[in-house]
Amino acid sequence: VISTRTGEFEAGFERQGQTREHAMLAKSTGVKKLIVVLNKMDVHDWSKERYDSCIAKLKPFLKKVGFNPEKDCQFMPISGQQGHGLIKAVPKDICPWNDSLGLVPYLDSLPRIQRHLDLPMRLPIEGKYSDMGAIVMGKIFSGSTKKGANLMMMPNRVKVTVANILTDDQETDVCMSGDNVKIKLKG
């Protein structure tokens, strides 16, 4: 979400600017597609010139970071304060040049992420610590597991049992592909 307000937009490109920082963080963490929401368009009376000016500055920057702005980026104008462009498209009488769906309908139209629930449980371990037993953390890549399940830690083929599962620091009995978890292991 980028402010189009004069001065705020430009500040995002300065050293330590949030636009610069967030785009680089997104790319370095593996994000392949971006929805670039240009907020505060009401401040400029939904000016197509201001919108085009902002996009003209954003595209070369996003390309330099590693995105293809034509294929990987969806740009849309909104006004968070007025609520235009969030749940519904911006009304044509306010912004006749805009043809985007609105943020929420666009998010709803994206293809579902395939979760690979039919494959064996795989959890690349991003961190571990001891707290009355070994606790491993990571995002489940495929499969699912439950409390009491027997798993095998690779590459050493160590057999372990799931003693406890935490997702978002809430205890649960089952976790599946796509979940960020902390799993307490026995053995």
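Which residues touch the most other members of the largest nonpolar core? They are L34, V36, L38, L58, L62, F67 and F75, in a core of 22 residues. A nonpolar core here is a set of buried Ala, Val, Leu, Ile, Met, Phe, Trp, Tyr and Cys residues joined through side-chain atoms within 4.5 Å. This is a predicted model, in which local features need pLDDT of at least 70 and side-chain atom pairs count only at pLDDT 80 or more, while totals for chains, interfaces and linings use all residues. Residues are numbered from 1 along each chain as its sequence is written, and side-chain values use heavy atoms, with hydrogens and water left out.

- Another core, of 11 residues, lies apart from it and has L123, A149, V160 and L185 among its members.
- Leaving aside neighbours within four places in sequence, L58 is in contact (heavy atoms within 4.5 Å) with I2, F9, F13, T19, V36, L38 and F75.
- In soluble globular proteins, nonpolar side chains tend to be buried together.

- Three strands make an open sheet in the order 1-2-3, with parallel pairing; two strands pair if DSSP finds at least two bridges between them.
- Strand 1 (2-3) and strand 3 are the edge strands, each pairing on one side only.
- Strand 1 is joined to strand 2 by 2 bridges, and I2 stands opposite L38 in strand 2.
- Strand 2 (residues 34-39) pairs with strand 3 over 5 bridges, where F75 is the bridge partner of V36.
- In strand 3 (residues 73-77), 4 of the 5 residues are buried; buried means under 20% relative accessible area, exposed over 50%, and partly exposed in between (1.4 Å probe, protein chains only).
- N39 is found in strand 2 and counts as buried because its relative accessibility is 15%.
- Not counting residues up to four places away in sequence, N39 touches V1, I2, S3, T4, I78, S79 and G80.

- Helix 2 and helix 3 pack at an angle of about 40 degrees with their axes 10 Å apart; axes are lines fitted to C-alpha atoms, for helices over the stretch in contact, and angles run from 0 to 180 degrees between N-to-C directions.
- T19, R20, A23, M24 and K27 in helix 2 meet L58, F61, L62 and V65 in helix 3.

**The hairpin**

- Strand 4 (residues 127-130) and strand 5 (residues 134-139) run antiparallel and are joined by 4 bridges.
- K128 stands opposite V136 in strand 5.
- The two strands form a hairpin with 3 residues between them, and M132 in the turn has a positive phi of about 55 degrees.

**Backbone details in loops**

- W46, in the loop between strand 2 and helix 3, has a positive phi of about 55 degrees although it is not a glycine.
- W46 is buried, with a relative accessible area of 6%.
- R157 lies in the loop between strand 7 and strand 8 and has a positive phi of about 60 degrees, although it is not a glycine.
- R157 is exposed, with a relative accessible area of 58%.
- P155 also has its place in the loop between strand 7 (150-153) and strand 8 (158-167), and a cis peptide bond with omega of about 10 degrees joins M154 and P155.
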